[in-house]
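Dear colleague,

Please read the notes with the structure open beside them.

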Amino acid sequence: MDSQNMSYQAGQAKGQAQEKASTLMDKASNTAQSAQESMQEGGQQMKAKAQEAADAVKNAIGMNK
């Protein structure tokens, strides 16, 4: 195997490794985005439940007129 062929194969391996790394980074980014969206949705649901609870207390003590 001559050095030109070895250089070519090394370049191919480097390119494949870079492509795999890029794919993994994309997957990680997508996962992080999905987790952030889930957390935001969960926070909105918690806020709505807290407001419902506050309204229920106000109704129970007659402050919600």
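Helices (H or I, at least four residues) and strands (E, at least two) are taken as DSSP runs and numbered from the N terminus. This is a predicted model, in which local features need pLDDT of at least 70 and side-chain atom pairs count only at pLDDT 80 or more, while totals for chains, interfaces and linings use all residues. Residues are numbered from 1 along each chain as its sequence is written, and side-chain values use heavy atoms, with hydrogens and water left out.

The protein has one helix and zero strands. Its radius of gyration (taken over C-alpha atoms) is 28 Å, well over the 11 Å that the globule rule (2.2 Å times the number of residues to the power 0.38) gives for 65 residues, so the protein is more spread out than a compact globule. The C-alpha trace spans about 90 × 10 × 5 Å along its principal axes.

Buried residues (under 20% relative accessible area, with exposed meaning over 50% and partly exposed in between, for a 1.4 Å probe and protein chains only) make up 0% of the 65 residues. The protein exposes about 5,900 Å² (by the Shrake-Rupley method with a 1.4 Å probe), and carbon and sulfur atoms supply 55% of that area.

L24 is found in helix α1, and L24 counts as exposed because its relative accessible area is 56%. Between L24 and Q36, which are twelve residues apart in sequence, the C-alpha to C-alpha distance is 18 Å.

M63, by contrast, is found in the segment after α1 (3–61), and M63 counts as exposed because its relative accessibility is 58%.

With kind regards
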